[in-house]
Amino acid sequence: MTTRLPLNFDTAPATWQWRTLRYLSIYLLLAITLIAVRYKTQHVRPNLLDLQKQEATLLTQRDNLEIAVQVAVTPQRIQEWAAANGMIHFAESPKAARDLGQGAPLNLPTTNNNTIEVKTQWK
């Protein structure tokens, strides 16, 4: 099967030269645009590498701090800190009880270390 060209298809050399120049100018315009973009963004890669190094450093610091926090908040360390700061266990603190029935005033007794014991009754 042969392909026929349409009747209005221009095959003159001047037309082909015009098309060649047009395509060449488009190609050169794209090439110049790509070179300009590359020139304007040449600092992006080194900055990205620096940021990746900073990220790795910060991740290492975060991991080390998480480990330090986990070590610092063990129950034994918290009890040692509380004892060193004059705190006592709730079970060892002095307590006062009061019936909170209807009409009872809300003056709850407190001890010197601000602990309160409340007696509740469920019906």
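How many aromatic pairs does a search of the whole structure find? The count is zero, and I would ask you to keep that in mind while I go through what is a predicted model.

The average pLDDT of the chain is 82, and 75% of the residues score at least 70. Among the helices, α1, which covers residues 13–40, has the highest confidence, with a mean of 95, whereas helix α3, at residues 75–84, has the lowest, with a mean of 86.

Turning to the fold, the chain holds three helices and zero strands, so that, as a pattern along the sequence, we simply write α-α-α. Of the 123 residues in the chain, buried ones make up 4%, and the exposed surface comes to about 11,900 Å², with carbon and sulfur atoms supplying 62% of that area.

Now to the local detail that I would like to show you, which concerns Phe9, Trp16 and Arg19. Phe9 is found in the segment before α1, and, once its neighbours within four places in sequence are left aside, Phe9 is in contact with Trp16 and Arg19.

Methods. Residues numbered from 1 in each chain as written. Predicted model: local features only at pLDDT ≥ 70, side-chain atom pairs only at ≥ 80, totals over all residues. Heavy atoms only, no water. pLDDT = per-residue confidence, 0-100. Helix = DSSP H or I, 4+ residues; strand = E, 2+ residues; numbered from the N terminus. Phe/Tyr/Trp six-rings, centres within 6.5 Å; stacked < 30°, edge-to-face > 60°. Buried < 20%, exposed > 50% of the residue type's maximum accessible area, 1.4 Å probe, protein only. Areas by Shrake-Rupley, 256 points an atom, 1.4 Å probe, with all protein chains shown as cover. Contact = heavy atoms within 4.5 Å.
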